[in-house]
Amino acid sequence: MAAPSKIVVVFDFDKTIIDCDSDNWVVDELGATDLFNSLLPTMPWNSLMDTMMRELHAQGKTVEDIRKALTSVPTHPRVVPAIKTAHALGCDLKVVSDANLFFIETVLEYLRIRDCFSDIYTNPCFVDGQGCLRIQPFNSSPHACANPCPPNMCKGGVIEKLLSTLPENIFIYLGDGVGDYCPSLKLREEDHVLPRKDFPVWDLISKTPMLVKAKIHAWTDGQELEQTLLQTISEICPSFLDDEDNQLMSADCKLQTVSTSAGYEPLRRTALSPCTISRLRRFI
């Protein structure tokens, strides 16, 4: 069943699709944590990961060793079903991540959800003539963004280009990190941002929620990610639900400031019932 209004769902990768940082996971699994920590203060993260790949290669670690390490990354059991359901409903799924293409594709293929995603925007990589995985920056030149984006990638720039290419589509953006704040600011009033609660992007949005034009829906773990994502899709396309379920949906979920002393609370939304989620999953 295709969505009557085309929905683009953009996922961050680390701590969103998977429940860890893939760079740290590979470094730890291959026994290079101490070296990584010693080099961390000396260079940007993207350059550090390229250096780590060369160091691991010098220690005899192969691309297959890296691939094997990635197949054991922790993933919440409800994330893959959420992705499959969104894809089956007709949403256009994309990844925008500051990891790298090899790490992301390896994990998505292992989880058997690579075909759910139409595009992956991330740091490119290649295997050189010596068999060493090399990681390059997404932005070959400085992006000059004033938001707290890493020097090698401005996710906000990616979202701006997607919005200009697909202006009639409604966007849903899911993320957790500092780099996910910039794309959150680029979204429009008709769009939705799903920040992971108590992670850096949530903290940044919480400080000045009025700067985010999109509707904001927080989630804490994979189970809430599934619930919140499917609920958001259902709000955009009410035909996925019956009339009784539609009456339970809140139309406005934008974070609002209560007062400078009391802080703010998100407007409450009625959660989808388990049977409603089951009906949405039937499209898998």
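**A helix and its surroundings**

Reply: Let's start with helix H5, whose buried residues are Val79, Val80, Pro81, Ala82, Ile83, Thr85 and Ala86. "Buried" here is under 20% relative accessible area, "exposed" is over 50%, and "partly exposed" is what falls in between, using a 1.4 Å probe and protein chains only. Helices (H or I, at least four residues) and strands (E, at least two) are DSSP runs numbered from the N terminus.

Some ground rules before going on. This is a predicted model, in which local features need pLDDT of at least 70 and side-chain atom pairs count only at pLDDT 80 or more, while totals for chains, interfaces and linings use all residues. Residues are numbered from 1 along each chain as its sequence is written, and side-chain values use heavy atoms, with hydrogens and water left out.

Back to H5, which spans residues 79-88 and is mostly covered, with 7 of its 10 residues buried. Just after H5 comes Gly90, with a positive phi of about 105°.

(A contact means heavy atoms within 4.5 Å.) Ile113 belongs to the loop between helix H6 (101-110) and S3, and its relative accessible area of 0% makes it buried.

Leaving aside neighbours within four places in sequence, Phe11 is in contact with Thr16, Ile17, Ile83, Leu93, Lys94, Val95, Val96, Phe117, Leu174 and Leu229. Phe11 is found in strand S1 and counts as buried at 0% relative accessibility. Its C-alpha atom is separated by 7.9 Å from that of Ser97, which is 86 residues away along the chain.

A search of the whole structure turns up 3 aromatic pairs. One of them joins Phe11 and Phe117, edge-to-face, at 5.8 Å centre to centre with 80° between the planes. The pair links distant parts of the chain, with Phe11 in strand S1 (residues 7-11) and Phe117 in strand S3 (residues 117-123), 106 residues apart. Both Phe11 and Phe117 are buried. For the bookkeeping, rings of Phe, Tyr and Trp (its six-membered ring) pair if their centres lie within 6.5 Å; planes under 30 degrees apart count as stacked, over 60 as edge-to-face, and the rest as tilted.

The rings of Phe36 and Trp45 have planes at 75° and centres 5.2 Å apart, so this pair is edge-to-face.

The axes of helix H1 (residues 22-29) and helix H3 (residues 45-58) come within 12 Å and cross at roughly 30°, which makes H1 roughly parallel to H3. Axes are lines fitted to C-alpha atoms, for helices over the stretch in contact, with angles running from 0 to 180 degrees between N-to-C directions. Under 35 degrees is roughly parallel, over 145 roughly antiparallel, 65 to 115 roughly perpendicular, and the rest oblique. The crossing of H1 and H3 is left-handed (the near helix is turned anticlockwise from the far one by less than a right angle; clockwise would be right-handed). H1 brings Asp23, Asn24, Val26 and Val27 to the contact, and H3 brings Trp45, Met49, Met52 and Met53. Those residues split into 6 nonpolar, 1 polar and 1 charged, where Ala, Val, Leu, Ile, Met, Phe, Trp, Tyr, Cys and Pro are nonpolar, Asp, Glu, Lys and Arg are charged, and the others, Gly among them, are polar.

Most residues other than glycine have a negative phi. Lys15, not a glycine, has a positive phi of about 60°; Lys15 lies in the loop between S1 and H1 and is partly exposed at 32% relative accessible area. Asp198 has a positive phi too, near 65°, in the loop between strand S7 (192-195) and helix H9 (200-207), and at 58% relative accessibility it counts as exposed.

Zooming out, the protein chain has 12 helices and 10 strands, and 50% of its 284 residues count as buried. Among contacts between residues at least 6 apart in sequence, 65% join residues at least 24 apart.
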